[in-house]
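Work through the exercises below with the sequence and the 3D structure at hand. Each task is followed by a solution in steps.

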Amino acid sequence: MRQNILSEVDANVIVVDWEKGADHLEHYEQAAVNTEVVGTILALLVRNLEDHQGAKKSHIHIIGHSLGAHVAGFAGSAHKETRYQRITGMDPAGPFFNTKGSDARLDETDAHFVDVIHTDGGGFGYLNAMGHLDFYPNGGQEQPGCLSTCSHSRAYELFTESILSDQKFKAWECGTLDQCKTGEGIDTNTPEDNRMGFYVNDSMIYRMYYLRTNKTSPYDIP
């Protein structure tokens, strides 16, 4: 993902390593709690970049997968007086957060624009809409060709691929979550309403989108 971003745009990419805090195999609940701590520290880092290195909030885009999506949310809420330009949540973690209010997880108030990709909703991921725009590839739950944790991981694979300029990931509006889960009644032969991923149109008024992908890379269906 870092390489794709740097090949397409003039940007500085900072990768947050919180491996010890994210030890979720045996201590998942503690890792979930740690997301707020890590998010707060990340907000302090960004503030330092703004104060001393000339960074601008309008250029800040935080991208997080699973628990990292909530880290991004906490970073945004800790910096709310100015807010970041964009947060992308890639299949935000569901367990522990499913019963939490919006102030204890990623939500649309954490940045000027929050887009979310759901690929394992109801499993390792969070199913309900939580951003300004929420995308449900293949229904947002089980991904084609996937077993075990593959559906959860598919979110960052899709976003990484979307960074390349020839990848469009055309998406269509769905009126309800149930329609997003099934795709019923959505005519994918009509012009798309938006595109999922790095080049999403943040001016679109629709909140939820459905799209289909291939089983293997390249995932985008032209």
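Contact means heavy atoms within 4.5 Å. The model is predicted, so local features need pLDDT of at least 70 and side-chain atom pairs count only at pLDDT 80 or more, while totals for chains, interfaces and linings use all residues. Residues are numbered from 1 along each chain as its sequence is written, and side-chain values use heavy atoms, with hydrogens and water left out.

**Exercise 1.** Describe the surroundings of N194.

Step 1. List its contacts. Leaving out residues up to four places away in sequence, N194 touches L133, F135, F169, K170, A171, V200, N201, M204 and Y209.

Step 2. Is N194 buried or exposed? Its relative accessible area is 3%, and buried means under 20%, exposed over 50%, partly exposed in between (1.4 Å probe, protein chains only). N194 is therefore buried.

Step 3. Look at its side chain: a polar atom there lies 2.9 Å from the backbone nitrogen of N201.

**Exercise 2.** Check the length of helix α4, then its cover.

Step 1. The expected span is 1.5 Å times one less than the number of residues. For the 13 residues of α4 (150-162) this gives 18 Å, and the end C-alpha atoms are 18 Å apart, which agrees.

Step 2. In α4, 10 of the 13 residues are buried, among them H152, L158 and F159.

Step 3. Elements covering these buried residues include α1 (2-8), β1 (61-65) and β4 (133-137).

Conventions. Polar contact = N/O pair within 3.5 Å; in protein donor to acceptor, adjacent residues only side chain to side chain. Helix = DSSP H or I, 4+ residues; strand = E, 2+ residues; numbered from the N terminus.
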